[in-house]
Number of protein chains: 2
Amino acid sequence: MIPTKQHLEEAIATVTPFVHQTPIVTSSSLNEIVGAQLYFKCENFQKMGAFKMRGAVHAIQNLSHAQKKAGVVTHSSGNFGQAVALAARILKVQAYVVMPENAPLVKKEGVKSYGAQITECESTLAAREATAAAIQLKTGATFLHPSNNIDVILGNATAGAELLQKHADLDFLLTPVGGGGLIAGTALATHYLSGNCKTIGGEPFAVDDAYRSLQSGKIETNQTTQTVADGLRTNLGDLNFPIIQELVSEIIRVEEDEIIHGMKLIWERMKIVVEPSSAVPFAAALREKDHFRNKKIGIILSGGNVDVSNLPF
Amino acid sequence: MIPTKQHLEEAIATVTPFVHQTPIVTSSSLNEIVGAQLYFKCENFQKMGAFKMRGAVHAIQNLSHAQKKAGVVTHSSGNFGQAVALAARILKVQAYVVMPENAPLVKKEGVKSYGAQITECESTLAAREATAAAIQLKTGATFLHPSNNIDVILGNATAGAELLQKHADLDFLLTPVGGGGLIAGTALATHYLSGNCKTIGGEPFAVDDAYRSLQSGKIETNQTTQTVADGLRTNLGDLNFPIIQELVSEIIRVEEDEIIHGMKLIWERMKIVVEPSSAVPFAAALREKDHFRNKKIGIILSGGNVDVSNLPF
């Protein structure tokens, strides 16, 4: 059920030529605030502005010739839509992207600019799935799930893998938790490529389905999607949950104001643009300072696709 | 009157150990928009968030022991104040910083956090100069002008020097023009370290004193300080103006909405935080696209100290 080290190595070989090896940035001022050594893996500088490029490239590359000819379809609150659109353009495949009406404008524009066909729908998971299924039926396109797809998970794993290749002695590797595709991939990288590094998730209290799922042992859902971290509104899936159960040490929940404060600190001190979801694991480190004191912590800054005209601070 | 190549080389040797060798970033999306190859020198990632650290370090290092003991005083709309404060702290010198009341909050906080003593005054040049002179009299501190000081100019030159060391074949090197200290230093670097590279300034129409000064052959002043580019509200000085007259090819003026549009593009496409002044030379390249088509253009992103809670877009 859990991919092997060979799967991970194949994914690294497949994905690396098509993505940026994003910089790892440090900030003495943020180190001081948290009381630890932080290593930020800047996937906000990734192609199309988020780690999701990695999973999309890997999933599309693993399709058959016939599948590629019929195209790919996905639903996404934004970044995975852009990732599939751009990866598909590079690989000369038609992409269909279902997006919730309330997705940030900048993400819709990104998907359009890469030549994908957008269909808007209500922001519920049910509406998104139904709309994607209709397109799938009509066009024969292959459905790519943004997070519950083993090839996507393995593609996502390459961000953490790059970080661990440079900093093999990390004590902790923190990522946000939304649909579970990034943290599952990261946990695979940590498991196969590090000694004792622990993978920890950061999750908003408002949509703490992953935290509750690990407590109950089954996939829990959220009653709301009301969080500033718009990339983290979705639930775990049956393919990534077992990986998370097996390989993730802990999930730390954070309040909305902690996310906004963390995001502002990253912007002001590091002078980089990150989206709210990216600030969640940093906010988790800040909340649980005592837990992390003097440790070496990798943090995956998942993306930078934020509407700069509509900020939460 | 114009510093020699040896002065420049000494400045590089003196300043380099105390500053970040900031990254040079490219963006295929912004290259496409301008129709040229752009190389952004990211002084927003410099210590204290701006190129001014370079000039401050150089000026303070060149003081005598007795001068260092009495401290340094400056007036600044923000970045030079922070630069003097931080450089002084590193060199164990007391710093006094005069700041206009309307300086961005984030800059005042920066100066305070580095341990300098702040005195606020009206935002006119006259008020700033009078306040600094009073402190100078009272404490015996050496006055450091933010831009009209040869050691500051030579320190500032090291940003362009680093860019030209990596990209010797630039056709143009663009900087913002405020008090003239950055463009004068950059023009020295271009003059001594490149073949045919031309130094060009970007300046807001609202405070186009440098443009008018080059036209008239004498230092002109502005009737207003009303520009979004808060770092560019000051006038040229008698030490930097001759350098600018001799070595700067051209000044391109830009409208306020062009500055804001350029700033937003840099934030959205490059995912980095720059202050409005930094966007001025990029806006100039965008305004005069035809002039720059297919050329290699260096652009100094002068700083990133912006109040992210109070953006112009």
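Author: A residue counts as buried under 20% relative accessible area, as exposed over 50%, and as partly exposed in between. The model is predicted. Start with the rings.

Over all chains, the structure holds 7 aromatic pairs. Take B:Phe172 and B:Phe292: their ring centres are 5.0 Å apart and their planes stand at 90 degrees, so this pair is edge-to-face. B:Phe172 sits in strand S7 (residues 172-176) of chain B, and B:Phe292 in helix H14 (residues 289-292) of chain B, so the pair ties together parts 120 residues apart in sequence. Apply the cut-off. B:Phe172 has a relative accessible area of 9%, so B:Phe172 is buried. B:Phe292 is buried too, at 0%.

Stay by S7. B:Leu170 is in the loop between helix H8 (150-166) and S7 of chain B. What does B:Leu170 touch, leaving out residues up to four places away in sequence? The list is B:Tyr39, B:Leu163, B:Leu164, B:Cys197, B:Lys296, B:Ile297 and B:Gly298. B:Gly195 is 25 residues away along the chain, with 8.8 Å between its C-alpha atom and that of B:Leu170.

Not counting residues up to four places away in sequence, B:Leu286 touches B:Ile33, B:Val34, B:His261 and B:Leu265. From B:Leu286 to B:Val254 is 32 residues in sequence and 9.6 Å in space, C-alpha to C-alpha.

B:Arg54 forms a salt bridge with B:Glu43, with 2.7 Å between the closest N and O atoms. B:Arg54 is in helix H3 (residues 52-61) of chain B and B:Glu43 in the loop between strand S2 (37-42) and H3, so the pair ties together parts 11 residues apart in sequence. B:Arg54 counts as buried, at 0% relative accessibility. B:Glu43 is buried, with a relative accessible area of 0%. In chain A, a network of salt bridges links A:Lys41, A:Glu43, A:Arg54 and A:Glu162.

Now helix H6 (residues 105-113) of chain A. Its buried residues are A:Val106, A:Lys107, A:Lys108, A:Gly110 and A:Val111. They pack against helix H5 (79-90), strand S4 (95-100) and strand S5 (117-121) of chain A. One of them, A:Lys108, meets A:Glu120 in a salt bridge (3.5 Å, N to O). That pair links distant parts of the chain: A:Glu120 is in S5 and A:Lys108 in H6, 12 residues apart. A:Lys108 is buried at 11%, whereas A:Glu120, at 43%, counts as partly exposed. Just after H6, A:Gly115 takes a positive phi of about 90 degrees.

A:Arg293 and A:Asp290 form a salt bridge, with their closest N and O atoms 3.1 Å apart. A:Arg293 is at 41% and counts as partly exposed. A:Asp290 is at 65% and counts as exposed. Over all chains, the count comes to 22 salt bridges. Between chain A and chain B, the count is 0.

Notes:
Residues are numbered from 1 along each chain as its sequence is written. Chains are lettered from A and ligands numbered from 1 in the order in which they are written. This is a predicted model: local features need pLDDT of at least 70, side-chain atom pairs count only at pLDDT 80 or more; totals for chains, interfaces and linings use all residues. Side-chain values use heavy atoms; hydrogens and water are left out. A salt bridge is a side-chain nitrogen of Lys or Arg within 4 Å of a carboxyl oxygen of Asp or Glu. Rings of Phe, Tyr and Trp (its six-membered ring) pair if their centres lie within 6.5 Å; planes under 30 degrees apart count as stacked, over 60 as edge-to-face and the rest as tilted. Helices (H or I, at least four residues) and strands (E, at least two) are DSSP runs, numbered from the N terminus. Buried means under 20% relative accessible area, exposed over 50%, partly exposed in between (1.4 Å probe, protein chains only). Contact means heavy atoms within 4.5 Å.
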